[in-house]
Amino acid sequence: MLGRTNITTVKGGTIVSDVEDFTWNEVGTLRVDGAFKRTFLGNNVLVAVTEGGTVIYSRDGENWEEAVYGTDAEYKIVDGVWDGKRFVFAANDPAIITTEDFQEYKSYEIPGAQRLFAIFYNTDGTYTVIGAYPKSSNSTAVALYKGMPEGMECAAEIEHMINS
């Protein structure tokens with residue numbers, strides 16, 4: 001049951017929780033790569049994206065599992081959201097990955113994007129993703145992509161010149 005856990009964090013790669021007498025109690029044996037970068041709750045599942053690009057989740061705040069959505073070389077997750085029906089993640093490689101149950105995953109590429117940084121769920125039911133792509137041999141564009149994971153389009157861009 002979620003809610004029993006007071007606080008959950010990462011200490012030395014181990015998930016720790018439940019502060020008792022000013023000490024942390026280790027929760028489970030799952031090791032993670034880096035601190036929590038983003039945490040959110042969806043469908044009674046607590047989800048954390050780590051600095052190392054791993055997604056872990058828990059249904060009770062104490063027993064954690066690692067999401068297995070591809071090989072480590074394929075996807076490094078940078079951010080995630082819950083949209084009321086599914087979990088949607090932005091991967092640095094770049095792709096949008098979705099799952100409803102952490103058992104089956106779908107991935108969608110964003111044409112032209114080279115790297116993704118963040119994802120937001122909008123009130124109109126679409127998503128906004130912040131990413132970047134090469135504009136020319138000496139410039140890069142930071143771009144806002146908007147739409148559904150199945151079809152993102154560049155909505156705005158800011159060109160940044162690279163000093164040579």
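This note comments on the strand content, one hairpin and the aromatic pairs of the structure.

1. The model is predicted, with local features requiring pLDDT of at least 70, side-chain atom pairs counting only at pLDDT 80 or more, and totals for chains, interfaces and linings using all residues. Residues are numbered from 1 along each chain as its sequence is written, and side-chain values use heavy atoms, with hydrogens and water left out.

2. The protein chain contains 15 strands and zero helices; these are DSSP runs numbered from the N terminus (helices: H or I, at least four residues; strands: E, at least two). Of its 164 residues, 45% are buried, that is, under 20% relative accessible area with a 1.4 Å probe, protein chains only.

3. Strand 4 (residues 36–42) pairs with strand 5 (residues 45–50) in the antiparallel sense over six bridges; pairing requires at least two DSSP bridges between the strands. Within this arrangement Arg38 lies opposite Val49. Two residues separate the strands of the hairpin, where Asn43 adopts a positive phi near 55 degrees.

4. Seven aromatic pairs are found in the whole structure (rings of Phe, Tyr and Trp, the last by its six-membered ring, with centres within 6.5 Å; stacked under 30 degrees between planes, edge-to-face over 60, the rest tilted). Phe40 and Phe87 form a tilted pair, at 6.3 Å centre to centre and 40 degrees. Phe40 belongs to strand 4 and Phe87 to strand 9 (residues 87–91), 47 residues apart. Both Phe40 and Phe87 are buried.

5. Tyr57 and Phe102 are stacked, at 4.0 Å centre to centre and 10 degrees between the planes. Tyr57 is buried at 3% relative accessibility, and Phe102 is buried at 5%.

Terms used:
Buried means under 20% relative accessible area, exposed over 50%, partly exposed in between (1.4 Å probe, protein chains only).
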